[in-house]
Amino acid sequence: MSVATATRTRAGRAPKLDSILAEAVDLARESAEEEGPGQVGEHLGVQAEDDRVVSHLFECTHPGYRGWRWSVTLSRASRAKRATLNEVVLLPGEDALLAPSWTPWADRIEGGDVTPGVVMPTPDDDPRLEPGYTGGEHAADTDPAEASITRSVVAELGLGRERVLTPYGRDEATERWLDGEPGPDNESTRQAPGSCVTCGYFVRLQGSLGRQFGVCTNVWSPRDAGVVSVDHGCGAHSDVVAEERAAELPPPVWETVEVTEGSLFT
């Protein structure tokens with residue numbers, strides 16, 4: 001019989017349960033016990049996989065595999081009277097405790113996940129970036145010699161970065177910052193004596209982002225060295241002045257030592 005004919009025959013009818021293999025429960029249990037000692041529970045049934053191939057199912061009693069089953073597959077040759085072990089595996093049942101679906105790292109990483117030693121590659125087609133030197137979108141396709149000259153010129157002009165933020169990238173950052181801790185909608189701002197734009201420690205960013213954001217330089221502020229919006233605020237505002245200043249120290253007292261002629265012991 002050819003392989004194609006056998007496939008059509010098997011697909012056309014359900015496999016018959018082999019009685020010799022179905023009765024080999026003890027062999028199936030012993031095989032499962034070898035894989036999981038003390039973790040094999042009651043016999044849950046047997047099912048035909050193919051002609052002279054069956055799988056015995058046993059409950060898995062391991063607490064970490066609730067709802068899983070031991071599946072022990074047995075088979076025998078055409079005229080053989082003894083069962084032969086094929087494989088032993090753990091299979092999940094309908095109410096099995098399963099691990100969450102695997103998600104690729106690039107889709108799983110979130111903001112702030114890049115820690116020391118972690119490298120986060122930037123996609124070539126990142127919509128937040130665009131070429132930062134003369135040539136526009138086709139700058140990378142220019143002649144190498146031409147590109148070298150272009151880079152040397154723009155480097156002198158302070159435009160040496162190959163990619164810079166697009167308007168989309170700036171808008172995305174603006175929305176994220178305004179909605180987060182640097183923005184105005186938080187308890188720190190609501191209880192602040194003033195906004196950051198009126199604070200002496202506020203230093204504006206350059207470019208278009210500077211219209212809405214700056215950097216805090218106050219060591220006592222929880223936002224020190226971080227971006228803040230002009231309408232953000234905290235309790236370390238520069239206009240909050242202590243009522244009592246530190247007492248001024250008196251002028252230093254100068255003492256002189258005179259050295260006289262002669263021995264120190266006379």
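Three strands, in the order β7-β8-β9, form an open sheet whose pairing is antiparallel. Because β7 (202–204) and β9 (227–229) stand at the edges, each with a single partner strand, one side of each is left without a neighbour in the sheet. From one strand to the next the twist averages 45°, with axes taken as lines fitted to C-alpha atoms (for helices over the stretch in contact) and angles running from 0 to 180 degrees between N-to-C directions. Two strands are said to pair if DSSP finds at least two bridges between them, and helices (H or I, at least four residues) and strands (E, at least two) are DSSP runs numbered from the N terminus.

The model is a predicted one, in which local features need pLDDT of at least 70 and side-chain atom pairs count only at pLDDT 80 or more, whereas totals for chains, interfaces and linings use all residues. Residues are numbered from 1 along each chain as its sequence is written, and side-chain values use heavy atoms, with hydrogens and water left out.

Individual partners include R204, whose bridge partner in β8 is G214, and V203, whose bridge partner in β8 is V215. V215 in turn stands opposite V227 in β9.

A further open sheet has 4 strands in the order β1-β2-β3-β4, again with antiparallel pairing. Here β1 and β4 stand at the edges and have a single partner strand each, so one side of each is left without a neighbour in the sheet. The twist in this sheet averages 20° from one strand to the next. The antiparallel strands β1 and β2 are joined by 7 bridges, and V40 stands opposite C60 in β2.

Strand β3 of this sheet contains S71, a residue that is buried, with a relative accessible area of 4%; buried means under 20% relative accessible area, exposed over 50%, and partly exposed in between (1.4 Å probe, protein chains only). When neighbours within four places in sequence are left aside, S71 is in contact with S55, H56, L57, E87, V88, V89 and L91, a contact being heavy atoms within 4.5 Å.

The elements that cover the buried residues of helix α3 include β1 (40–50), β2 (53–60), β3 (68–75) and β4 (84–92). In α3 (residues 25–35) the buried residues are A28, S31 and A32. Seen down the axis of α3, these residues fall within an arc of 100°, so they line one face of the helix; the arc is that of the directions from the helix axis to the C-beta atoms. On the face of α3 turned away from the buried side are the exposed residues D26 and E34.

The structure also holds 2 aromatic pairs, which are listed in the table.

| Aromatic pair | Distance between ring centres | Angle between planes | Arrangement |
|---|---|---|---|
| Y65 and W68 | 5.4 Å | 85° | edge-to-face |
| W177 and F213 | 5.1 Å | 85° | edge-to-face |

Rings of Phe, Tyr and Trp (its six-membered ring) pair if their centres lie within 6.5 Å, and planes under 30 degrees apart count as stacked, over 60 as edge-to-face and the rest as tilted. F213 is buried, with a relative accessible area of 0%. In the other pair, Y65 is partly exposed at a relative accessible area of 36%, whereas W68 is buried at 17%.

For the chain as a whole, there are 7 helices and 9 strands, and buried residues make up 23% of its 266 residues. Of the contacts in the chain with a separation of 6 or more, 50% are accounted for by residues 24 or more positions apart. The accessible surface of the chain comes to about 19,800 Å², and 53% of that surface belongs to carbon and sulfur atoms; accessible areas come from the Shrake-Rupley method with a 1.4 Å probe, and for residues only the protein chains shown count as cover.
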